[in-house]
Amino acid sequence: MDATTRFKTQRVGALPFIVAYLEKIRLSQFVEEHVPWEGDVPLGTLVEIMICNRLLNPKRSIRSANGQKERACATITALQRSNSTTIG
């Protein structure tokens, strides 16, 4: 190789590694053997796709800690009110 040699490089990301790992642990085969499914697409394949999507594009499932606390407090208050009216 000399200084004039050019390479075409591409950014691949983690997908090949994730797919190789899922194949190594035989996740698709395990799911298909242990979970009943009658869909058109094999369930093991769907599970692998969902795992790849989640690992490649992780997002928070909760908007904010404050919003979660507010919703929890509202739920607890509503339960306390409903319990006090049914008991008393």
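Buried means under 20% relative accessible area, exposed means over 50%, and partly exposed covers what lies in between (1.4 Å probe, protein chains only). By that scale Ile49 is partly exposed, with a relative accessible area of 43%. Ile49 lies in helix H3, where helices (H or I, at least four residues) and strands (E, at least two) are DSSP runs numbered from the N terminus.

Before going further, please note that this is a predicted model, in which local features need pLDDT of at least 70 and side-chain atom pairs count only at pLDDT 80 or more, while totals for chains, interfaces and linings use all residues. Residues are numbered from 1 along each chain as its sequence is written, and side-chain values use heavy atoms, with hydrogens and water left out.

## The overall picture

The secondary structure of the protein chain comes to four helices and zero strands. Read from the N terminus, the order of elements is α-α-α-α. The protein chain has 88 residues, of which 11% count as buried.

## The nonpolar core

A nonpolar core is a set of buried Ala, Val, Leu, Ile, Met, Phe, Trp, Tyr and Cys residues joined through side-chain atoms within 4.5 Å. The largest one here has six residues, namely Ile18, Leu22, Leu27, Val31, Leu43 and Cys52. Helix H1 (15–24), helix H2 (27–34) and helix H3 (43–56) are the elements that give two or more residues to this core.

Axes are lines fitted to C-alpha atoms, for helices over the stretch in contact, and angles run from 0 to 180 degrees between N-to-C directions. Angles under 35 degrees count as roughly parallel, over 145 as roughly antiparallel, 65 to 115 as roughly perpendicular and the rest as oblique. A crossing is left-handed if the near helix is turned anticlockwise from the far one by less than a right angle, and right-handed if clockwise. Contact means heavy atoms within 4.5 Å. For residue classes, Ala, Val, Leu, Ile, Met, Phe, Trp, Tyr, Cys and Pro count as nonpolar, Asp, Glu, Lys and Arg as charged, and the others, Gly among them, as polar.

Take H2 and H3: their axes come within 7 Å and cross at roughly 135 degrees, so the two helices are oblique to each other. H2 passes H3 in a right-handed crossing. On the H2 side the contact is made by Leu27, Ser28, Val31 and Glu32, and on the H3 side by Leu43, Gly44, Thr45, Val47, Glu48 and Ile51. Sorted by class, this contact has five nonpolar, three polar and two charged residues.

For H1 and H3, the axes come within 11 Å and cross at roughly 140 degrees, which makes H1 oblique to H3. The crossing of H1 and H3 is right-handed. Leu15, Ile18, Val19 and Leu22 of H1 make the contact with Glu48, Ile51, Cys52, Leu55 and Leu56 of H3. Here the classes come to eight nonpolar, no polar and one charged residues.

## Residues worth a visit

Val31 lies in helix H2 and is buried, with a relative accessible area of 10%. Not counting residues up to four places away in sequence, Val31 touches Leu43, Gly44 and Val47. Ser28 is also found in helix H2, and Ser28 is buried at a relative accessible area of 11%.

Between H1 and H2, the loop holds Arg26. Phi of Arg26 is near 55 degrees, a positive value in a residue other than glycine. Arg26 counts as partly exposed, at 46% relative accessibility.

| Residue pair | Separation in sequence | C-alpha to C-alpha distance |
|---|---|---|
| Val31 and Gly44 | 13 residues | 5.2 Å |
| Glu33 and Gly44 | eleven residues | 9.0 Å |
| Ile49 and Val19 | 30 residues | 9.3 Å |
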